[in-house]
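Colleague: I should like to learn how to read a structural model such as this one. May we take its features in turn?

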Amino acid sequence: MLNGKLIGRRIAVTLGLALFASNALAQTAYRIQVDGLACPFCAYGIEKKLGAIAGVARVETDIAAGTVTATMADGATMDEASATRAVQEAGFSLRGFEALGQAAANGAGAGAK
Amino acid sequence: MRAVIATGLAALCLAGATAWGAPITFNTALPVHQGGWVLREQVIYRKIADDATAARRDLRLAGVVSVLGYGVSRDLAVFGLLPWFDRRLELRSAGQNLERGTQGFGDLSLMARYTAYERNSPGRTLRVAPFLVVKAPTGSDEARDRLARLPPSLQPGSGAWDLLAGAVSTWQTLDFQLDGQLSYRTNGEANGFRAGDVVRFDGSLQYRLWPRRLAGGVPAFVYGVLEANLIHAARDRVGVTRDLNSGGTTLFVSPGLQYVTRKWIVEAGVQIPLLQDLNGTALGYDFGLSAGFRVNF
């Protein structure tokens, strides 16, 4: 009886961890370094353009660092060509494009979409 | 006098695809991204009453200037500008005080701006954009009051097609922004009257006052703004005769404030004539006020 309860708990914990892990791993984020970004009014255009890329769930800009972090929906990815095009259409230049780990993806704050 | 008024209004309206902030007294540097829109509304008031003659002319203009811009491509943006003004002129004539004036929509201006040079680096950008403006005679130029047909300086529209060409340059960093603009405006003839051509140089400094230090995210900025408009207007022509009491050179300075967020900006400024070298008895500016907002969408 005791063994049965223990096994049940272990199964529940394992399932929970598996579910959490699959969710976390499926959500990818990208840090995009943007040249030319220098005022809040400018940030709107780039957030709008990046937010329009298929699969982007959240966009967050750090104007002082000149970076935009795009967090994707589960399973979605972004290629550098799409990011470059969005940045250029917003009137800026792409300096860097980097995929982030799950911690950064889950840690992104409230941004525009 | 028409050229003087046109000069002052041009200082507000069009003496002005990409992304940067923008001055208060000219529109050419308004930022708009590809496929995006920007709407600017400005409420303005001008008092033009520096009159040394016995007529003691006192001209007051109050109105709203609407500007709508669209980013056709990364580099090309188009704008439409439509003013609405109430113009009132008080003067003494034959021992009596007279008031003349009217109100209505002025002429529609269409502008195209192309960013010809751009250099971006982290937290800063340099851009140079030539622009061309066509002003169509959409406003009424036949308005009358109880006395007679109003003079050109009081008509809502000029009745003429005007052309304006120039270039605007912007240097923007996270701490400040500098804009400089050079333009030339040639005015058409209507009803036997032609306002003098206008050449002008505009400069604008927008300095971030708050927040003093940038942390993460996109905080709203408060910019202190200091602008200067150096404007030279040639004499008006009536028929084949030059109006010796029109045109001249004026230097305005315009301190102001802007509150800048991602989606909108509110701004206000006062325009003060620092130097006025006007021809004959052309009316001089006392001051101007403007306040308004811009929205990105």
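Modeller: Let us begin with a term: two strands pair if DSSP finds at least two bridges between them. Please keep in mind that the model before us is predicted.

Colleague: What is the bridge partner of Ala29(A) in S4(A)?

Modeller: In general, strands of a sheet pair through backbone hydrogen bonds, either parallel or antiparallel. Here, Ala29(A) has Leu100(A) as its bridge partner in S4(A). Strand S1 of chain A, residues 29-35, is joined to S4(A) by seven bridges, and the two strands run antiparallel.

Colleague: In which order do the strands of the sheet in chain A lie?

Modeller: The order is S2-S3-S1-S4, in an open sheet of four strands with antiparallel pairing. At the edges are strand S2 (56-62) and strand S4 (93-100) of chain A, each of which pairs on one side only. From one strand to the next, the twist averages 20°.

Colleague: How do the elements of chain A run from the N terminus on?

Modeller: They run α-β-α-β-β-α-β-α, which comes to four helices and four strands. Of the contacts in chain A between residues at least 6 apart in sequence, 69% join residues at least 24 apart.

Colleague: Which strands does helix H2 of chain A lie across?

Modeller: Helix H2 (residues 40-51) lies across S1, S2 and strand S3 (67-72) of chain A, and runs at about 155° to S2(A). Helix H3 (residues 80-89) of chain A lies across S1 and S4 of that chain, running at about 140° to S4(A).

Colleague: What span should the twelve residues of H2(A) have at 1.5 Å a residue?

Modeller: They should span 16 Å, and the end C-alpha atoms of H2(A) are 17 Å apart, which agrees.

Colleague: How many of the twelve residues of H2(A) are buried?

Modeller: For this step one needs a cut-off: a residue is buried if 20 or more other C-beta atoms lie within 10 Å of its own. Eleven of the twelve residues of H2(A) are buried, so this helix is largely enclosed by the rest of the structure. Among them are Phe41(A), Tyr44(A) and Ile46(A), and also the charged residues Glu47(A), Lys48(A) and Lys49(A). For chain A, with its 113 residues, 37% count as buried.

Colleague: Which element gives the most to the side of chain A that touches chain B?

Modeller: In this model, 24 residues of chain A are in contact with 32 residues of chain B. H2, S2, H3 and S4 of chain A each supply at least two residues of the side that touches chain B. H2(A) gives the most, with eight residues. By class, that side of chain A has eleven nonpolar, seven polar and six charged residues.

Colleague: Which backbone angles deserve attention in chain B?

Modeller: Most residues other than glycine have a negative phi, and most peptide bonds are trans. In chain B, however, the peptide bond from Trp210(B) to Pro211(B) is cis, with omega near -5°. Pro211(B) is in the loop between strand S12 (198-210) and strand S13 (221-233) of chain B.

Colleague: Where does Arg56(B) lie, and is Ala94(B) buried or exposed?

Modeller: Arg56(B) lies in the loop between strand S1 (37-48) and strand S2 (58-71) of chain B, and its phi is near 45°, a positive value. Because Arg56(B) has 13 C-beta neighbours inside 10 Å, it counts as partly exposed. Ala94(B), in the loop between strand S3 (76-93) and strand S4 (96-105) of chain B, has a positive phi of about 50°. With 5 C-beta neighbours inside 10 Å, Ala94(B) counts as exposed.

Conventions. Residues numbered from 1 in each chain as written. Chains lettered and ligands numbered in written order. Predicted model: local features only at pLDDT ≥ 70, side-chain atom pairs only at ≥ 80, totals over all residues. Axes fitted to C-alpha atoms, helices over the stretch in contact; angles between N-to-C directions. Contact = placed C-beta atoms within 7 Å. Expected span 1.5 Å × (residues − 1).
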